[in-house]
Each structure stands twice: as C-alpha cells, then as structure tokens.
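Here is a short tour of a predicted model, written to be read alongside the structure. We will look at cavities, domains and aromatic rings in turn.

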Amino acid sequence: MAKLKTLFFCRNCGSESSKWIGRCPSCGEWNTYVEEPAGKKNAQPIFEPEERPRPQKLEDISALNCLRIDTHNAELNRVLGGGLVPGSLVLLGGEPGIGKSTLALQVALQAPEATVLYVSGEESLQQIKMRAERISSHSSDCLFLNETSLESILVHCKEIKPALIFIDSIQTISTQSIDSSAGSVSQIKECTAALLRFAKTTHTSVFLIGHITKDGMLAGPKVLEHIVDAVLQFEGDHNHVYRILRSLKNRFGATSELGIFEMRSDGLREVANPSEMLITTNEEGLSGIGIGATIDGIRPFLIEVQALVSTAVYGTPQRSCTGFDGRRLNMLLAVLEKRAGFKLSAKDVFLNIAGGLKVDDPAIDLAVIAAIMSSNIDTPIRHLYCFSGEVGLSGEIRPVGRIEQRIYEAQKLGFTKIFIADANRKGISTKGLSIQVVFVGKVEHLIKALFNNE
Ligand code: TYD
Ligand code: MG
C-alpha cells in the first residue's frame, strides 16, 4: 500500500513545510507544527461560480451592492464600520464560552428583512431553539441547519439564496476534497477560501465563528486573517458581564471601533453608554476611588479605579492588580514614594479596574495615583472629580492625546472637575465648558489640590 503523504502545517499562521520544524520561520512561534495528510482527493474546486468573471471598467461596476446592511445591532454596526457590506466575509473570534454563538444567534434573529441561514456544526437544532427562547427575539425569516459538510452547506445556500449566512464554527465544518479531519489547518483554510469565493460571487455576507484557545491548541483565526474581509474579536472576563467586540482587521472601516455588550440571562444587551455602568457615583464618599477618563480605540469612556492601601504585615509588601499592568503600578508607587512621601516598603497595595476591563491607556495613571493616595490617607476624593493624564518618572504629569474628547465625555456624565496635564493647556479651549478643567504639572501639585484644602 502506498504510504500516505503528509505535510506539516503551522497551527498559528498556516505556513507549510515538508518536515517538522521547531520554530515557524514565518510567524516565529515555537512548537506549532502539526502533521496533516497532504494533497486533495480530487482537483475539483469546491465552489465554482456559474460564469467566469470578466474584467470591467470602474464606471461599469454597479454601486448597488455598496450599500450596507443594517444588522439592527448598533454596537455591531459600529464595529463593522457602519453596517455589514454585502458579499463580505467576517470572522468572529474569541475564547470558548465568551458569547460568540449568542451574539450570532441574536443578530440572526433580529437581522434584516432578508433570509438568513444559521448553520451550526456544534449545537443541535433543539439546543439552538432553547437558546433562542432565552434570547426571546424572533424572526420568521431565519432558517437553521445542523450540518458539518461544506458541500451540503453550499448546496443549501444555492437553493435558499440567503442574504446572510452564519457558520458556527469554522472549526467544525469540513470538505470532502481534503483528507484531514475537521479543525485542521488545511481544512480551515480550504473551507474559508471556498466560502470567500461563494460570498464574493453571490454577494452573500458570511459570518464565520472561530475559536481561539488560550494556548492556541486549535488552528486559530490567525490562519484566516489574510483570507477574510474583517476580523472581529470578542473578549471579556468570564467572571464579569461586560464583553468587548473589537475589530482587528476591517477592509471596509476603521479598526479602532469598539462595541460593548453586557451578558445577561436573556442574551447580550448593547451598552450604548459604557461610562454610566462602569462608574459608581461614590456619593457616600468612599476612599480609594478615582475616576479616569480613558479612550479605547476611538471611544472615550470613564472608568473607575479602586485602590486599597494597607499596612504590610510581612516584610515584603504585596502588590496586586486586576485590569492594570503590574509593572506600571510599581513605577507609579515609586514615583509616589519619591514625590509624596508614600512609604512603599510598609504598604500593601491592591488595585482594581471596575467592571473587569483591562486598561492600557496611560491616561489612567493620574486616576491610579489619586485612588492610591486617597486610600492611603483614608480621605475620599470629592464626588464628581475625574482625572486624565500620564505620569512620568520624575513625577511630571504628561499630556495625553485627544484630551477634548475625554473632557466632553466627563462633562456629558455630569462631572464637575477634571484634572489634566499642564502641557495639555495649549491644545484646548475651556470656553463654554460647564466642567472645570484643572491643569496640574506635577504629582505633588495634584495631591495638594486634592487633599490639602479640605
Ligand atoms: P456562548 O454563546 O455559547 O459562547 P461561545 O459560542 O463563544 O462558546 O455563550 C456561553 C455563555 O454565555 C454561557 O456561559 C452562558 C452565557 N449566557 C448568558 O449568560 N445568557 C444567555 O442568554 C445566553 C444564551 C448565554
Ligand atoms: Mg458557541
């Protein structure tokens, strides 16, 4: 019997090699090569358009299909850059259990007044029904299919002619033209390429769901990034209710857009104004709370930083952060020690960003410092004060980008005072603002302004 020919594929980026390699020369990841059967059984393409496309002049191309489809989900529309482009292939990636299927089903059920086909290779139709009942939004135009063979999916698509197709998930579907099993790199690549040809020639929009595991065991969406038109990543903390939908790649819009959802018992709810949920008003005057005005992507929002400073019981003080970079916290503590007489070695410091969000905007520094000092001296920061500024090593407060957007967001939410860097003074006009803008140049000035005039 002839020996089955095999090839090695990188699970991360999909590049191939005839022998096993420890480190992928293309993406640089270690130990990602897996052996898979090589070659196709038949050379027939899986999907062949009825007529061959002809070269056309720009003015001859109809603009009819350039209109975007409204998905009836404001957050998703925003991330897609204003709606779904007909004929586009969108990959929705995320860790298992984050809510990808829920989002897809919700969009499928609310979706446009066109036929929608929801293909699930993971859940049975009964399970989908149970989920749909939880979500409780119904559409009679949505058809469901439990299928894993790409060939039969395409046959149904040609018959039903849906305007929108959801595939949950790309790792479960397979084509007969390849020997390897579903979920392997070559299957995923081949199925996606066939779906892309289908989407482009029939102007059908296709949503693919793809899993990524923490250790990247399954062929990750990285393999598909080059093929698809848009890559959306669904992320969040399993223990919290907030989910963030980010666009990592988008051929038809900006990648800095961000959608925020709240996972509830009846599905995902769009969060139009995240700041309102992420901050408490702190009317009781609790110490250790500082509100920072940050920007993620292009979306400004206010976020609550909570700090707890207590006397260290053991010799080595503890530092613990959730949602914030631990090394950055250490740096800020060192600045506080030097500039504000904060006894670093005698204190345990715990820091938490409310809502389970992760912030890497340096503008949050000022709120972190304010929260730590507030907890340290057990004096609350005045109600309706907020902060936006980066802290430098010598204790200077550095300017941050798009400060006006941050100030407007704070004003919109009714804050009365915002502390920003002195160096931001030039770029902005405070005329007509109801919020008072306080310029501070150094950490010690901020602390004086906050706690010395009580
Ligand atoms: P799911 O969409 O199945 O995740 P994925 O497809 O990304 O693997 O979502 C699973 C989680 O969502 C599960 O832990 C339960 C939760 N959930 C809710 O909280 N409310 C709901 O209405 C639904 C349908 C799910
Ligand atoms: Mg799922």
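## Cavities

Let us start inside the protein. The largest cavity has a lining made up of Arg68, Leu80, Gly83, Leu84, Val85, Ser88, Val90, Ala230, Asn250 and Phe252. Sorted by class, six of these lining residues are nonpolar, three are polar and one is charged.

How much space lies in the largest cavity? The computed value is about 50 Å³. In total, the model has four cavities of 30 Å³ or more.

## Domains

Stepping back to the whole chain, the assignment divides the protein into domain 1 (6-37), domain 2 (69-272) and domain 3 (276-451). Between the C-alpha centres of domain 1 and domain 3 there is a distance of 45 Å.

## Aromatic rings

Now for the rings. The structure contains six aromatic pairs. One of them joins phenylalanine 166 and phenylalanine 207, whose rings are stacked, with 5.0 Å from centre to centre and 15 degrees between the planes.

Are phenylalanine 166 and phenylalanine 207 buried or exposed? Both are buried. They also belong to one aromatic cluster, formed by Tyr118, Phe144, Phe166 and Phe207.

Note on methods:
Residues numbered from 1 in each chain as written. Chains lettered and ligands numbered in written order. Predicted model: local features only at pLDDT ≥ 70, side-chain atom pairs only at ≥ 80, totals over all residues. Heavy atoms only, no water. 1 Å grid on protein atoms, 1.4 Å probe; cavity = no way out; pocket = protein on both sides within 12 Å on 5 of 7 lines; lining within 4 Å. Points joined across faces, edges and corners; volume = space filled by probe spheres on them. Nonpolar A, V, L, I, M, F, W, Y, C, P; charged D, E, K, R; others polar. Domains from an automatic or database assignment. Phe/Tyr/Trp six-rings, centres within 6.5 Å; stacked < 30°, edge-to-face > 60°. Buried < 20%, exposed > 50% of the residue type's maximum accessible area, 1.4 Å probe, protein only.
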